[in-house]
Amino acid sequence: MKKNLANMMAGMVVVLALAIPTFAQYAGPMKVTVPFDFAVENDHLKAGDYMIERIANGRLRIHNNDGSVSTVFLAMPTQGTVTQEKAHFIFHRYGGEYFLAKVWTPGQEAGWELLQGKLEMELAKKKTTPVETATVVGH
């Protein structure tokens, strides 16, 4: 029994080791023009031009062009089924509030799923309005 558990754990480590480089391949910044105000975790950002880049260990940074607005956030790697030619940014919408939820990297079936911030969790619990999604294609 212990040997089977050890073999299973070793197999999981190998699978994870093979999956992580996929997410690390695209290291360049992804540019996007967001046409509405939105939140990233607990930080509110105005509509405008932004760049998102991976910094390290599941941490990404979003900033505007001149760097005057910048925030670092945690995201979990996620696997899709379609390779996107350009970066795609998925937002959850509750009423008039938008929250960045996923970032799909260009040229891969891989992306990043953001952790929900406090306000998004509260709105999701209330379920006063159904969640909708908005997709913004990067450039």
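## Basis of the Description

Helices and strands are DSSP runs, numbered from the N terminus. The model described here is predicted.

## Surface Patch

With strands and helices named in this way, L115 is found in the loop between β9 (110-114) and α2 (118-126). L115 has a relative accessible area of 39% and is therefore partly exposed. Together with L74 and M76, L115 forms a nonpolar patch on the surface, and these residues have about 280 Å² of accessible area together.

## Aromatic Pairs

Five aromatic pairs are found in a search of the whole structure. In one of them, F36 and Y98, the ring centres are 3.8 Å apart and the planes stand at 20°, so the pair is stacked. F36 lies in the loop between β1 (30-34) and β2 (38-40), whereas Y98 belongs to strand β8 (residues 97-104); the pair therefore ties together parts that are 62 residues apart in sequence. F36 counts as buried, at 15% relative accessibility, and Y98 likewise counts as buried, at 18%.

The pair of Y94 and F99 has another geometry: the ring centres are 5.8 Å apart and the planes are at 70°, so this pair is edge-to-face. Both Y94 and F99 are buried. One aromatic cluster is formed by F36, F38, Y50, F91 and Y98.

## Nonpolar Core

In soluble globular proteins, nonpolar side chains tend to be buried together. In this model, the largest nonpolar core has 23 residues. F38, I52, F89, F91 and L100 are those with the most contacts inside this core. F38 and F91 are also members of the aromatic cluster.

For I52, the contacts beyond its neighbours within four places in sequence are with G28, P29, M30, L60, R61, I62, F73, F89, L100 and V103. F89 and L100, among these partners of I52, are themselves listed with the residues that have the most contacts inside the core.

## Residues with Positive Phi

E41 is not a glycine, yet it has a positive phi of about 50°. E41 lies in the loop between β2 and β3 (43-45) and counts as partly exposed, at 22% relative accessibility.

N57, also not a glycine, has a positive phi of about 45°. The place of N57 is in the loop between β4 (48-56) and β5 (59-64). At 71% relative accessibility, N57 counts as exposed, because exposed residues are those over 50%.

How values were computed: Residues numbered from 1 in each chain as written. Predicted model: local features only at pLDDT ≥ 70, side-chain atom pairs only at ≥ 80, totals over all residues. Heavy atoms only, no water. Phe/Tyr/Trp six-rings, centres within 6.5 Å; stacked < 30°, edge-to-face > 60°. Helix = DSSP H or I, 4+ residues; strand = E, 2+ residues; numbered from the N terminus. Buried < 20%, exposed > 50% of the residue type's maximum accessible area, 1.4 Å probe, protein only. Patch = residues over 30% accessible without salt bridge, like charges linked within 9 Å, V, L, I, M, F, W, Y side chains within 5 Å. Areas by Shrake-Rupley, 256 points an atom, 1.4 Å probe, with all protein chains shown as cover. Salt bridge = Lys/Arg side-chain N within 4 Å of Asp/Glu carboxyl O. Core = buried A, V, L, I, M, F, W, Y, C linked by side-chain atoms within 4.5 Å. Contact = heavy atoms within 4.5 Å.
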